[in-house]
Amino acid sequence: MHLTKGTPSAAPNRHLLRYGAVSACCAALFAVLFALVEAHWGPLVRLDRAWTDGEHGYARDHTAWTAAVQTLSNIGGTVTMRTLLGLAAVWLWLIGARVLAAWAAAQALIGWAALRVLGLVVGRPRPHFGDPVAHDTGPAFPSGHAMASAITCVILVWLIRPHANRAGRAAATGAAAVAILAVGWTRIVLGVHWPSDVLAGWLAAGVILGAVTVTVELWRPGDLARDVRRVNWRTRPRVQRVLAGETSAPGREG
């Protein structure tokens, strides 16, 4: 998460600039996409339709494949993602990382509220097929699955980073990226979202992640870094015991 060591003034300023820039860039891209969707921009409409029709056609003709994709979509659904985030927030609260817990909970709550508000404002209908392979309700824009999975996976990676070496951080980041892309892709394959809905969900997640982090840093400067160190301090002995057990197991067995 990079909210750890550094000079008292320079490091927080760098973090504020970094997360503020992420939020601002995602907000600008989201605004452009929102305008194009509202204007029914021809190239975007055609791209959405062509991509969704192609994926739906394949899913319709391969039922076993579609069932697997539906299972993956259910696993990465909004309820699952918000439950994981809620459990993480409760655990952080119990070990004393109260600001970090509030930060994680705020991400989930603001993401849920933003999804509802944007859905009502845009009111975009979902793709419609005469022979659908899946059904879903509510407005299409943005994708709740895409937004929730992005927020949750990014936060979980941030929580894992202090305990992992460079290879572990790379593996966690890669796994999170694959999960985020896979969940968004399932929504297109199942014909319940346009590709631009999924992109909007990812951009909205970037806005929320950056904006909430900047807000907490301005409200409680340095407390996120302190709580990250607290998590590291509380969990490192367990991690070390697990690693020690793994390295000594072959010797015990032989």
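This report describes helix packing, aromatic pairs, selected residues and backbone features in a predicted model.

## Helices H3 and H7

Two packed helices are described by the angle between their axes and the distance between the axes. For helix H3 (residues 63–75) and helix H7 (residues 166–189), the axes come within 9 Å and cross at roughly 130 degrees. That angle makes H3 oblique to H7, and the crossing of H3 with H7 is left-handed.

The H3 side of this contact consists of Trp-65, Val-69, Leu-72 and Ser-73. These residues meet Ala-182, Trp-185, Thr-186, Arg-187 and Val-189 in H7. By class, the contact of H3 with H7 has 6 nonpolar, 2 polar and 1 charged residues.

## Aromatic pairs around Trp-65

The structure holds 5 aromatic pairs. One of them joins Tyr-58 and Trp-65 in an edge-to-face arrangement, with 5.9 Å from centre to centre and 85 degrees between the planes. Tyr-58 is partly exposed, at a relative accessible area of 42%. Trp-65 also counts as partly exposed, with 34% relative accessibility.

Trp-65 has a ring pair with Trp-185 too: the ring centres are 5.5 Å apart and the planes lie at 70 degrees, so this pair is edge-to-face. Because Trp-65 lies in helix H3 and Trp-185 in helix H7, the pair ties together parts that are 120 residues apart in sequence. Trp-65 and Trp-185 are both among the residues through which H3 and H7 meet. The relative accessibility of Trp-185 is 29%, and Trp-185 therefore counts as partly exposed.

Tyr-19, Trp-103 and Trp-158 are linked into a cluster by ring pairs.

Is Thr-213 buried or exposed? Thr-213 is buried, with a relative accessible area of 0%.

## Helices H4 and H6

The axes of helix H4 (residues 78–94) and helix H6 come within 8 Å and cross at roughly 30 degrees. Angles under 35 degrees count as roughly parallel, so H4 is roughly parallel to H6. The crossing of these two helices is left-handed.

On the H4 side, the residues in contact are Thr-78, Met-81, Arg-82, Leu-84, Leu-85, Ala-88 and Leu-92. On the H6 side they are Gly-144, His-145, Ala-148, Ser-149, Ile-151, Thr-152, Ile-155, Leu-156 and Leu-159. Sorted by class, the contact of H4 with H6 has 10 nonpolar, 5 polar and 1 charged residues.

Most residues other than glycine have a negative phi, and most peptide bonds are trans. Which residue has a positive phi although it is not a glycine? His-40 does, with a phi of about 55 degrees. His-40 is found in the loop between helix H1 (10–38) and helix H2 (42–61). With 62% relative accessibility, His-40 counts as exposed.

The peptide bond from Phe-141 to Pro-142 is cis, and its omega is near -5 degrees. Pro-142 belongs to the loop between helix H5 (98–122) and helix H6 (144–160).

Ser-23 is found in helix H1 and is buried, with a relative accessible area of 10%. Apart from neighbours within four places in sequence, the residues in contact with Ser-23 are Gly-206, Val-207, Gly-210 and Ala-211.

Arg-161 has its place in the loop between H6 and H7. Arg-161 counts as buried, at 18% relative accessibility; the cut-off for buried is under 20%. How far apart are the C-alpha atoms of Arg-161 and Ala-172? They are separated by 8.1 Å, and the two residues are 11 residues apart along the chain.

Conventions. Residues numbered from 1 in each chain as written. Predicted model: local features only at pLDDT ≥ 70, side-chain atom pairs only at ≥ 80, totals over all residues. Heavy atoms only, no water. Axes fitted to C-alpha atoms, helices over the stretch in contact; angles between N-to-C directions. Helix = DSSP H or I, 4+ residues; strand = E, 2+ residues; numbered from the N terminus. Parallel < 35°, antiparallel > 145°, perpendicular 65-115°, else oblique. Left-handed = near helix turned anticlockwise from the far one by under 90°. Contact = heavy atoms within 4.5 Å. Nonpolar A, V, L, I, M, F, W, Y, C, P; charged D, E, K, R; others polar. Phe/Tyr/Trp six-rings, centres within 6.5 Å; stacked < 30°, edge-to-face > 60°. Buried < 20%, exposed > 50% of the residue type's maximum accessible area, 1.4 Å probe, protein only.
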